Structure formats: structure tokens, C-alpha cells
Amino acid sequence: MKNILPGALRIFLGAAALGALISGSGAAFAADPIKIGVIAEAQAIAGASIPQAAQLAADEINAKGGVDGRKIEIISYDNHSSSADSVRAFQRAVNEDKVNAVIASYISEVVLALEPWASRLKTPFVTPGAASNEISKSVHADYAKNKYTFHGYLTSAALALSVCDAAKDLLVDKMHMKSAVIMSEDAAWTKPLDVGYEECLPKIGLKVLDHIRFSPDTTDFTPIFNKIEGAKPDVIITGISHVGVQPTVQWKNQQVPIPMFGISSQATNETFGKDSNQAAEGVLYQGVSGPGVAVTPKSVPFAEGFRNKYGNYPSYAGYTAYDEVYYIADAVKRAGSTDADKLVDALEKTDWEGTIGRVQFYGKDDPFTHSIKYGKGLITGLMLQWQDGKQIAVWPKDVAKTDVKFPSFIKLTTN
Amino acid sequence: MIDGFAISALYALGATGFTLIFGVSGVLNLSHGAIMVAAAVAAWAAASILHVDTYSGALIGVGVALITAFATYFAVVKPIQDSRRIPNEEKEIFVLTGTLLWGIMIQELIAYFFTNNAKTVLPIVEGVVDILGVRTPRNEIFTAVVCCLVIALLWLLVNRTRTGKAVLAASMNPRGVTLLGLELTNIYIVVWAIYGVLAGIAGVLLGMFLGVSSYSVGPLTASAFSIVVLGGLGSVSGSLIAAFVVGYLETITAYLVSPAYRTIPALLLLVVVMYIRPQGLLGRR
């Protein structure tokens, strides 16, 4: 199965290279396509949506005549969730396929490996799903060099804020919860997330009783849940992405009586219910979007369009990747060129209403340079809950469809 | 502690089949983890895509493991063993690489068709019971009981039936068995069948207990391998003891030290045993 793809890709690459030769190196004709390289994890659910959503956006733009007559061409590469493969794909995308911009990966480690290559090869690069603070901090630290990287998803710091804002309304004000245990996987993106949690949870009135970081290859979560139960918190605040199905299923099978609330990337996927045999029931997770949730007028039509084309709803990184193609196209239009530096300038001025909210980037003087802005009227994120096998928005109020509900084994210690 | 027992029993079940194959036919099957994952994923797919009930799903899982085990034998191991072009002394290494590649192929196929997200099999028995104040999922007890039963059955099969005795004899002296007029290939087929069923049951139970993904393939093979090496290659009782040692060591580490370091002490123990007693705890070679 696997060998068919690279074969086809090679033929395609050959054709592309030939095309580049014929059209003369560098000479941009008006009808030259705008090429966007998409590097993603084809086998992971979160990553698989990235090239699909990008293609959907490109098809829509092209159907309306493209950007000033230029079509958008998506060239996608499977990185097998590996940083090394991603770097090779990036080099090939820029050097051989002559892409104008790159959209890549939902894994922070991969994005951090690509960032210096975006600088070296001077190619605008946006990530649809990674969260580490370091991505935009590096842009701030050495702007002239790293300005090519844009962080098209919330930083871990913003994610922690989003979880705390939701926790305040749902858990503290409504359910009078007082204490929490943080449970997060050991990865680049959770380090700043945990710092954010530790800082904002006490502020909203949730005392942090314990903080458990575990290896992302953990398979048996019994000891972890035992330890958490021993601390007797009102809620477990999660920071998980590489794991998801396993802790959730074991949480249900062992009937851990404490609700889980926070970031659980795998829970954002529609297939999560099936993969976990509906153990997800009652799980609360932070997201930027959800099926049927009209964050903006564009959210629902995109999700439905995606489902019609690919048979399932997009992952969170699908939403952002879709928006990214649109605002890259918008930036090309405003810049009047695909020249990298001009494109970066135009991208910085992005003000685009996408599927997850209004996208703007923090400027040069902000510590999170080139990361999307968090806040009311921009992007706040959502809190969703798995209820009756469906993902239902429960926060913020203007999109919430119902109240928080828990399965019977959850014993709320406060009311 | 019950958690530790269930894990150990599961390890034991997985490792028994692995060691049996080695003992009888000298094959180190490095596609072991892939076969277990295939069983679990098949059980999951049967239940959630084809909507069969839990028992049939589990049976389908075991069936898939059996088929995969036979496929491993007939498509990978047997051609290498029968080949005249591969020198005898190199056959073991060929089998090793062959099964390793075969395992990777299965893993990639699973990832391709079912993504690399973890899957879990619906437990056959649901709910929890209190044992000495510890809330224990019934399924965990069920897992431990099934593992013990299957191992007991295996013991009966090997020690009390004619086929079993032939298998045992083949593991001691293959040439002697052929001299007695028994077809070695038939014995191999029996062993691979037993192996397939064992790996299948272990895989499905693992899917219920902890959940598996295509990523689990490597660690599963590695854990079976280290248990078998620790216990002594080819020794079934050695593997059983080693499985419990490793299972409890991991669980105790996870509870008392940190879940992040779970596998480290067991690997250190393996290194120590290799130094002091290279043939393993109950090894005979």
C-alpha cells in the first residue's frame, strides 16, 4: 500500500520539475499557480484532515477563479509523524517543487524542527495545529531570521487560558468546585501548558492538589488514576494529545469518579467515540470548533462540505488548515506577489474571519510574535462535551447547546 | 496488586506462544506484536464497524490472529526454512529479518486502514467490584481468569494429549521425532495454530484491558522478547515466571516511583540476568 504513494508522488514530482524547467526558472507568469506545500501526518486522525482541508479550500478558491487568475495548487507530503521526514519534505517542497508557502503538522516537535528551515529557505510557513509557545517565542527572539514562521493555532499559553476561562464559568461558578489535579503527557507542548495551568487555575479558585506528568507511551493508567483519586480533587484537568483513547477507556472501565476537563486532542475527533467504544461519554474537552457549532458563519458549511467530500468531520487542525489556505491566498492577493518577504508582510496584516473565529497575528513586539490572537471577538476556543455519542458545545454561552452532564459513575464532590 | 496480576497474566499468555514456537521450531517470531495488535483491531472493527456482539467480536479477533499466524508460517517462515539457496546456518537470521519485516508490514497496513489512533475492544464483562477497598474493574478479573485458564489448558494439552506430547518431543529432539515416523511439518502447523490462538486471546484481552494502536507493535514484541529471554529461551515455565516478575516489577515501579519509568527496572533486570545467567532463569541451552 505504502509503496504506491511515493511512486505516484515521484512521477508527479518529475512532472512538476519538468514543468518548472519549461516555464523557465523563477519567471512568474500571471497564470502560474500559487503552490502551497502541505506536510502532515497522514496516518494520525488529527493530521489526516490537514491536506484534505487544504485541498478543499484550494478547490473552492479555484472554482471562483483563483487569486487574480492564478490557481492554488496543493502539494502534499506524508511525514509519518517524524521530524526528520518533515525536514526532508520541506526541503523538497521548496527546492524541487518550488512552493510559495508551507502548511505543516500538528506536532510541536515537528514544527520546531521545521522552523529553522523556514528561516534558511526563506519560505513562509504556517502550522495548523502545533501549540508550543516556543514556536512564536523564537520568532520574537530573532525576528529578522525567523519571521517566516506563523503559528496558526493557539499557543499552549492561550490554550491554558481558554481552559481556565471555561473552567471558571462551568466548574467554579456553576458547580462550586474547589480543587483540581493536573494530568498531562510529557511533551514539548505541555510544558508551557502546565505552567499556564499552574498559574491560572488558582486564580479562578481551583486549588492544584497534584500535578502528574506521564510518558506519552504509557498504556496502563491505573496507577495514575489511583494516585489522582488519592488526592481527592473535584476535577482532573487534562493536557493530552498523543494519548487519549486509552486513558479515557480506562477512566470509564475503572469508573474513576472524577470528571475530566481540559485538553484532549483525540477527543476532538469524530471517531473518538467509536475508537473508545463510547467511553468518552462525559469527557469535557477544549476545542476551537465542533460539528454543528457555528463559531462563525463559515464553520458549519466548511464542516459539512468536508464531510460530504471525505466522509467524516475534520479534526481541529482541519479547520485551521482550511483557514490558512484562505488567508495565505488573501495575503498573496494583497501583496500582489508570492515573493516571500512581501508575503510575510501581508500575512502579518491578516484580518480574516475563518472557521474558528477572527484570525489576526500578534506583532513583532508581542512575546508571541506571529501567533494568532486569543480573546473575545477574535478566537476564544470552545468547551465541548461528549454526550450520547455526540460532541456538544457547552461553553461559551453564545454557542452552548446544553448543560454539562456526567455519566452515573462520576460522583461530584460539590454541588 | 490485582492490576499487577492481570498484567502479568496477560504478558504470560503472550509470551508463552512466543516461547513455544522458539522451543519447537527455533523460530524467533518478531511479528508477534503485530499479530496481537491485528487480533485486537479486528475485534474492535468487528464490533464497531460490523456491529457484531462482543463475544463474536472477540472470536473474530482470535480467528484473525490464527489466520495471521498461519500466514506468517506459510508465507514467511516456511519458504525460508525450505529454501535451498539460503545456507542452513543463516536461516535463523533470515527468519528473524523476515518476521520483523512482516510485522512492520502488518503494522503499516493497520495504520493505513484504521489510522494509528488507539482502539479499544468493548469489555465482555462490565462494571467494577470492591476487593479489599480497591475498586477493580470486573474485566480485569476476567482477564486474569481467562489467562490462567488458557495457560492451564495449554499445560494439559502439552502434557496430557498425544499431539501435545509430540510437540514436546519435537522441542527436545526434532530428529528423534522424525525417526519415530511423525511428520515434523505437521507438528509445526499444530504449534503455529496454538500460537495463533494464544496471541489472539492475549491481543483481544489487551485491547479490552488497555487498548492498542499500531504503535503498540514494537513494544509488544519487545516485551514478549525480553520476558522470553529472561525466562530462558524455549522454556514455557521460565516464561511464566519471568512474565510475573516483569509484570509486577513494572506495576510496582508505576505505583511507587512514577508511571513514566515503568519499563526501566525490568530492562535493567534483563541486563543483569544476561550477565549472571545468560541462558535465562530456567533456560536449558
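The radius of gyration is taken over C-alpha atoms, and the rule for a globule is 2.2 Å times the number of residues to the power 0.38. With 285 residues, chain B would have a radius of gyration near 19 Å as a compact globule; its value is 19 Å, which agrees. The model discussed here is predicted. Chain A and chain B touch, and chain A also holds an open sheet of 7 strands.

**Overall build of the chains**

- Chain B has 11 helices and 2 strands.
- Along the sequence, the pattern of chain B reads α-α-α-α-β-β-α-α-α-α-α-α-α.
- The C-alpha trace of chain B spans about 60 × 45 × 35 Å along its principal axes.
- Chain A has 14 helices and 14 strands.
- For the 415 residues of chain A, a compact globule would have a radius of gyration near 22 Å; chain A has 21 Å, which agrees.
- Along the principal axes, the C-alpha atoms of chain A fill a box of roughly 70 × 50 × 35 Å.

**The sheet in chain A**

- The 7 strands of this open sheet follow the order β7-β6-β8-β9-β10-β13-β14, and their pairing is mixed.
- At the edges lie β7 (207-214) and β14 (390-395) of chain A, each of which pairs on one side only.
- From one strand to the next, the twist averages 25 degrees.
- Strands β9 (residues 260-264) and β10 (residues 284-287) of chain A run parallel and are joined by 2 bridges.
- A:G262 has A:Y285, in β10(A), as its bridge partner.
- Helix α9 (residues 222-231) of chain A packs on the sheet. This helix touches β6 (179-185), β7 and β8 (235-240) of chain A. The direction of α9 makes about 170 degrees with that of β7(A).

**Two helix pairs in chain A**

- Two packed helices are described by the angle between their axes and the distance between the axes.
- Helix α13 (residues 316-335) and helix α14 (residues 340-348) of chain A pack at an angle of about 115 degrees. Their axes are 8 Å apart.
- Angles of 65 to 115 degrees count as roughly perpendicular, and α13(A) and α14(A) are therefore roughly perpendicular to each other.
- The crossing of α13(A) past α14(A) is right-handed.
- From α13(A), the residues A:A331, A:V332, A:R334 and A:A335 meet A:K342, A:L343, A:D345, A:A346 and A:L347 in α14(A).
- That contact of α13(A) with α14(A) has 6 nonpolar, no polar and 3 charged residues.
- Helix α2 (residues 45-63) and helix α12 (residues 299-310) of chain A pack at about 110 degrees, with axes 11 Å apart. This angle makes α2(A) roughly perpendicular to α12(A).
- A:Q52, A:A53 and A:L56 are the residues of α2(A) that meet A:G305, A:F306, A:K309 and A:Y310 in α12(A).
- By class, the contact of α2(A) with α12(A) has 4 nonpolar, 2 polar and 1 charged residues.

**Where the chains meet**

- The contact takes 25 residues from chain B and 25 residues from chain A.
- On the side of chain B that touches chain A, α1 (2-25), α4 (88-114), β2 (134-137) and α10 (236-257) of chain B each supply at least two residues.
- The most comes from α4(B), which gives 4 residues to that side.
- The residues on this side of chain B divide into 14 nonpolar, 7 polar and 4 charged.

Key. Residues numbered from 1 in each chain as written. Chains lettered and ligands numbered in written order. Predicted model: local features only at pLDDT ≥ 70, side-chain atom pairs only at ≥ 80, totals over all residues. Pairing = 2+ DSSP bridges. Axes fitted to C-alpha atoms, helices over the stretch in contact; angles between N-to-C directions. Contact = placed C-beta atoms within 7 Å. Nonpolar A, V, L, I, M, F, W, Y, C, P; charged D, E, K, R; others polar. Parallel < 35°, antiparallel > 145°, perpendicular 65-115°, else oblique. Left-handed = near helix turned anticlockwise from the far one by under 90°.
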